[in-house]
Amino acid sequence: MKKILSTLLVAAFMMGALAGPAPVAAADPLTANYSATPEKGAIEFALLKGFMWKYPDGQFHGEDQISQGQFVSSLVAIREVKEGEPVPQLPEGHWAKATYERAQKAGILAGVEINPNKLLNKEETALLVFNAWKPYRGVKKEGYTNTGALITWGWMEPAPQGQPKFREDLPVTRADAAVILRKLWQDKYELELGEKYALEFHNSLKIKDGYITGKVPNGDKLLDLSVQFFKKDANEIVPYNKGQSFKVRIQDFRAMSFFATNDLDYSIAAVYSYKNFPDLTRTKNTQQFSLSR
């Protein structure tokens, strides 16, 4: 995702680190050994938001392969999971036990062999991502490995040129993980924002004397908000954009949809359809992993 999006999100919302044991120590993000790497922006974002940490020596060590415990801790922090379920595989007093119990409650550990010290490859990392994001985007696309589906979605880089695109066995470094995790944080933020505006729009709707009135929320600079009315007797769409109010005759239209979209990367934050005029029951159609982007 483009650098401007990171800047907007940093200014818009700050999330503190999840309380509990962490595999590494927090430190000043401007003194680490990643300043010349392509992942610099993602690493700084992860440190500022508190879902990744440095080692006790004050360095990030982005070249190191990420461990299961580190990645699970990051996912739990982003999901902001507060409650837990027992994880008997880890003994009492283990540094990762509280975090893994939260991960278990959130479904992040489904199908995962629990081993906090295990160094992750792409397939293992992608499984954790899909587990963590099932409440938001559903299940992965059928016919793909976890790696292939995540690469197709755009949240994991393909293998280097000359190798099979979806190589599942390649290691995932801490810098690689920072890129993935930033995309998760941003997606969660956008989805929550999209839901907020979708509800604001829904609450504005009124039906009176055969007309439907409402207003597209003013929103913010991050998401493009729009509403489309679909005419009954023609393939014609009547659009309204953010901040616009409308009054339309119900009998002229067969349906209406609300859209919240990030135009920087075309990600979909919220889509709701109204297909049973004059009934204002809405159906959620926000984009799922199982559908191509």
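Where is Asp 209 found? The first close-up below takes us there. This is a predicted model, in which local features need pLDDT of at least 70, side-chain atom pairs count only at pLDDT 80 or more, and totals for chains, interfaces and linings use all residues. Residues are numbered from 1 along each chain as its sequence is written, and side-chain values use heavy atoms, leaving out hydrogens and water.

**View 1. Asp 209 sits in the loop between strand S1 (206–208) and strand S2 (211–215).** Strands are DSSP runs of E with at least two residues, and helices are runs of H or I with at least four, numbered from the N terminus. Although Asp 209 is not a glycine, its phi is positive, about 55 degrees. Asp 209 is exposed, at 67% relative accessible area (exposed is over 50%, buried under 20%, partly exposed in between, with a 1.4 Å probe and protein chains only).

**View 2. Glu 80 belongs to the loop between helix H3 (68–79) and helix H4 (97–105).** Here too is a residue other than glycine with a positive phi, near 55 degrees. Glu 80 is partly exposed, with 34% relative accessibility.

**View 3. Helix H6 (residues 146–153) is mostly covered.** Of its 8 residues, 7 are buried, among them Asn 146, Leu 150 and Trp 153. The buried residues of H6 pack against helix H5 (122–137), where contact means heavy atoms within 4.5 Å. Just after H6 comes Gly 154, with a positive phi of about 105 degrees.

**View 4. A cis peptide bond joins Phe 277 and Pro 278.** Its omega is about 5 degrees. Look for Pro 278 in the loop between strand S7 (267–274) and strand S8 (283–284).
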